[in-house]
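Open the model in your viewer and keep the selection tool at hand. The stops below say what to select and what is found there.

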Amino acid sequence: MDDMRYADPDLCPDCRSDLPHGVRTCPTCDLPVRHALAIELFATLTRADALVARLRSLSDQATAPTPAPPAAAPAPTPTRAPAMAGTAGAPVPAGPAAPPPPPPPPGAARPSAAPGPAPAPDPVRSGFGVSAVPKILLSLGALCLLIAAIVFLAVSWSVLGVGGRTAVLLTLTAAATGGALLLNRFRLRIAAESMSVVALGMLGLDVIGAHAAGWFGDSSTGWAFAAGGAVMALGGTGLALPRFADGPRLVAPQVFVGVGYLIGWGGLLAALDHQLLVGHLLVALGAGITLVSRTALPVRAWSVGIATSLVWVVTALAGLGLAFSEPTLRDLWVDGGTGWSLLASATALLAPGLVTRKRELLVGGGSFGALLVTIALVAPTVDESARVAGIVTLAATALWVATYRLLPPTVRLVATAPAAIGSLALLAFDAVAGSVALARVADLGSERSFGVLLDHPEPVTEPLLVVPSVLVPLAFLAFLMPKRGDCPAAPWWQAGAVAGGVAAVTTLASYDVALVVVVAALGLVAGGTLVLALVSSGERQTGLGLVALGLGAGAVVLALPSLAVLAVGSAILVAIALVAHLAGRTTTVRTVAAVTLSPALATLVWTAGLAGEIDARWLGYPVLALLGLLAIVRPRLEVELPALVVGVLAVPPAILSAADMGGSLALHLVVVGALLSASALVHESRRDLVWAAVPVFALASWVWFSDRGVTDPEPYTLPIAVALAMLGLVHLRRNPDAGTELALLPGLLLGTVPSLLWVLGDPLSLRALLLGAACLVLTIAGAALRWSAPLLVGSVVGAVVVVREIGPYAADVPQWVWIGLAGALLTTVGITWERRLLEIRNAVGMLGRLR
């Protein structure tokens with residue numbers, strides 16, 4: 001058993017059969033034993049042998065009475081790998097050994113030296129540490145003691161007299177306090193921390209019990225909680241002060257000082273009606289405790305500091321709420337004193353920076369303090385008119401923005417908070433003004449004339465303040481953005497011009513003016529934005545160009561209540577999109593403008609026609625003509641595809657509104673065919689459109705004859721179909737590599753589909769027989785010639801003819817026959833599927849066995 005090894009170069013690691021010397025694969029199982037993974041496996045097995053050897057040596061040392069001294073190690077030779085033993089007492093090289101060579105793979109020559117033991121692996125640590133066990137146990141013990149004390153008092157309180165109650169409370173508290181100090185004296189830190197928590201909890205229960213016993217007279221529960229919090233804070237300080245033999249002070253009592261601080265604050269709020277005064281006094285008290293505790297009791301300083309911050313936040317928010325709920329000057333500065341409260345909260349923010357002498361902390365506190373002072377000064381205007389409130393807010397924000405720009409960078413943060421909050425308030429003001437302006441537009445009815453007025457609802461803000469209320473936040477944002485030296489300055493003046501223009505339109509829409517004036521003004525802003533885009537370059541042109549297109553689309557949306565004004569808005573959008581598409585220098589601007597052109601043009605034609613009292617049945621022709629001319633002039637996919645989609649959507653209403661819908665459809669098809677032919681004649685790259693133009697003309701003639709009562713379509717469709725097919729064959733002869741879909745599909749569809757429509761109405765006819773025979777010929781010819789177009793048309797049309805022929809007799813066949821046929825079909829498909837899947841698996845397995 002001692003000779004058994006995991007790593008044996010003479011055996012296959014998989015089937016354990018003998019390996020001849022120098023082979024690359026095992027002759028028994030075809031395992032590649034010279035592969036890199038095989039070498040890695042051999043190294044791992046060698047490592048396992050070394051570990052087993054070490055375990056065995058440890059077992060031998062445990063049973064042997066005295067270990068044998070290690071033998072002297074022979075000096076290593078430079079031509080041989082250093083010898084390493086697999087058991088204890090193996091020879092070790094005398095000098096510094098070179099790194100061992102990589103282990104040989106299975107099937108290679110056996111190494112001259114036996115593999116030695118590898119270094120012992122580092123122990124893996126898992127589970128809880130030793131120190132975690134007492135922490136968990138003592139924490140649970142302290143919790144159980146507190147719960148037991150509460151339950152005991154709750155159950156036995158009515159039974160015990162005053163003396164018994166006092167004795168129980170004092171005894172438990174004294175025992176917990178003394179135990180905590182004694183355990184800390186003997187350096188049982190974890191136990192002392194837990195017992196101190198019990199002692200402080202008992203202190204709180206003492207106060208509650210004293211209040212329940214009537215020791216505080218008729219005082220309210222709030223005073224009891226205030227006293228309990230104070231006792232807990234003082235008791236925590238008392239337990240944290242003792243320090244034995246330069247050992248560390250207890251931490252839990254220091255944390256409980258902050259908890260007692262918050263409990264006392266809550267009790268005072270419940271007992272007194274002066275919320276702001278209590279908050280400011282406790283903030284001052286907490287700041288003093290934090291200051292004196294920084295060196296001796298740092299944990300208490302952090303605990304009280306966090307609690308003080310919470311008290312300050314609640315007090316400041318309460319002051320802000322009162323400032324806006326009672327916004328008069330008398331309520332703020334005389335009767336209520338809310339303004340003085342905000343000033344006190346602002347002053348308190350400077351204390352941390354002054355004490356610690358840190359400039360960042362002082363500047364940050366000054367920034368929020370400046371915000372509170374600004375709110376205290378501006379709040380009285382809330383009770384005034386919207387104009388006064390807006391003017392004061394705008395003036396204060398502009399002053400802080402200018403201060404931010406003028407201050408040195410080191411103290412610029414002071415103006416950040418009031419400038420930012422003021423900017424947000426101004427933007428909210430603008431949002432309200434814009435919403436009211438849109439509501440004035442939405443309240444208009446549907447009109448056809450230009451005389452649509454915006455007269456309701458009335459503005460709730462001052463319209464003249466909209467423009468500066470946009471520019472001031474924009475200026476602050478420009479000041480905030482860092483200036484990089486490797487690029488030109490940000491075009492904030494361009495952004496200001498566009499934003500100011502939109503704000504001016506909002507101001508205009510807030511007064512009783514005609515809708516066309518507002519739409520024209522927005523179009524003017526869109527045109528100016530496009531000019532700014534064209535004089536710019538790169539991403540700036542892209543952004544401004546997209547904004548110009550968006551403003552043009554906004555003009556169309558604003559003009560929806562009036563057809564006449566909608567025509568003006570559409571004309572503006574068409575002009576902007578056309579200029580942007582022709583003069584734009586970025587791909588994004590040109591593409592978006594090209595996509596916008598077709599819907600804008602169709603909207604312009606329809607709205608102008610309807611506003612001019614033109615019958616809707618005649619509007620489809622100019623729409624098709626203009627869209628087609630646009631696609632011919634700009635033969636690009638981003639122009640042609642939207643034109644096609646818009647044409648499909650815009651023309652049907654004109655056809656449906658005509659008295660003779662068949663004749664109208666035929667004429668529209670003629671226009672489409674003419675446009676396709678013109679595009680094919682003008683552009684070399686669009687020559688293939690002629691194959692679509694011919695069927696469109698044929699379809700137009702067919703619709704015309706059908707509208708005139710013609711019952712047989714073949715005399716009109718078959719000649720054109722034969723001509724198209726002959727042209728397609730000539731094209732295939734001249735271009736052997738061309739596809740049959742483009743060459744033959746138009747003629748084949750024109751020759752079969754019209755007849756198929758008649759067959760669907762009369763399946764038992766000579767036409768159905770001839771069409772079926774023609775489909776059979778097309779299918780056979782397509783299969784023989786390997787042409788996809790005749791095969792596809794013949795098979796699909798023929799299948800439809802066959803299904804339609806069986807239709808009249810399907811009702812006479814019993815239902816079980818159809819169910820049986822469906823089951824047989826599904827079974828056949830399932831068997832075929834499973835067979836093919838098995839063949840695929842076999843093929844994959846065969847490929848895996850190939851060498």
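## The largest nonpolar core

In this predicted model, start by selecting Leu454, Leu515, Val518, Val519, Ile576, Trp606 and Val623, the residues with the most contacts inside the largest nonpolar core, which has 56 residues. Next, colour the helices that each supply at least two residues of this core: H14 (416-442), H16 (492-509), H17 (515-534), H18 (538-558), H19 (563-583), H20 (587-611), H21 (620-633) and H22 (637-656). Which helix gives the largest share of this core? H17 does, with 11 residues. As background, nonpolar side chains tend to be buried together in soluble globular proteins.

Leaving aside residues up to four places away in sequence, Leu454 touches Arg440, Val441, Leu444, Ala509, Tyr511, Asp512, Val513, Leu515 and Val518. Then move to a second, separate core of 21 residues, which includes Ala307, Trp312, Leu372 and Ala417.

## Two helices side by side

Show H14 and H15. Their axes are 9 Å apart, and the two helices pack at an angle of about 145°. The crossing in which H14 passes H15 is left-handed. To display the contact, select these two groups:

- On H14: Thr416, Ala419, Ala420, Ser423, Leu426, Leu427, Phe429, Asp430 and Ala433.
- On H15: Val466, Ser469, Val470, Val472, Pro473 and Phe476.

## The aromatic pairs

Now turn to the rings. A pair of aromatic rings is described by the distance of the centres and the angle of the planes. How many aromatic pairs are counted here? The count is 2.

Tyr404 belongs to helix H13 (residues 386-406) and Phe476 to helix H15 (residues 466-480), so the pair ties together parts that are 72 residues apart in sequence. Are these residues buried or exposed? Both Tyr404 and Phe476 are buried.

For the other pair, select Trp618 and Tyr621. The ring centres lie 6.3 Å apart with the planes at 40°, so this pair is tilted. Trp618 has 47% relative accessibility and so counts as partly exposed, while Tyr621, at 17%, counts as buried.

The charged end of Arg412 sits over the ring of Tyr404, 5.3 Å from the ring centre.

## Two loop residues

Select Glu613, in the loop between H20 and H21. Its phi is near 65°, a positive value in a residue that is not glycine. Glu613 has a relative accessible area of 64%, so it is exposed.

Then select Arg786, in the loop between helix H27 (766-785) and helix H28 (788-810). Arg786 also is not a glycine, yet has a positive phi of about 60°. Its relative accessibility is 77%, so Arg786 counts as exposed.

## The whole chain

Finally, clear the selection and show the whole protein. Its secondary structure consists of 29 helices and 0 strands. Of the 851 residues in the protein, 37% are buried. Where contacts join residues at least 6 apart in sequence, 66% of them link residues at least 24 apart.

Terms used. Residues are numbered from 1 along each chain as its sequence is written. This is a predicted model: local features need pLDDT of at least 70, side-chain atom pairs count only at pLDDT 80 or more; totals for chains, interfaces and linings use all residues. Side-chain values use heavy atoms; hydrogens and water are left out. Rings of Phe, Tyr and Trp (its six-membered ring) pair if their centres lie within 6.5 Å; planes under 30 degrees apart count as stacked, over 60 as edge-to-face and the rest as tilted. Helices (H or I, at least four residues) and strands (E, at least two) are DSSP runs, numbered from the N terminus. Buried means under 20% relative accessible area, exposed over 50%, partly exposed in between (1.4 Å probe, protein chains only). A charge sits over a ring if NZ of Lys or CZ of Arg is within 6 Å of the ring centre and within 35 degrees of the ring normal. A nonpolar core is a set of buried Ala, Val, Leu, Ile, Met, Phe, Trp, Tyr and Cys residues joined through side-chain atoms within 4.5 Å. Contact means heavy atoms within 4.5 Å. Axes are lines fitted to C-alpha atoms, for helices over the stretch in contact, and angles run from 0 to 180 degrees between N-to-C directions. A crossing is left-handed if the near helix is turned anticlockwise from the far one by less than a right angle, and right-handed if clockwise.
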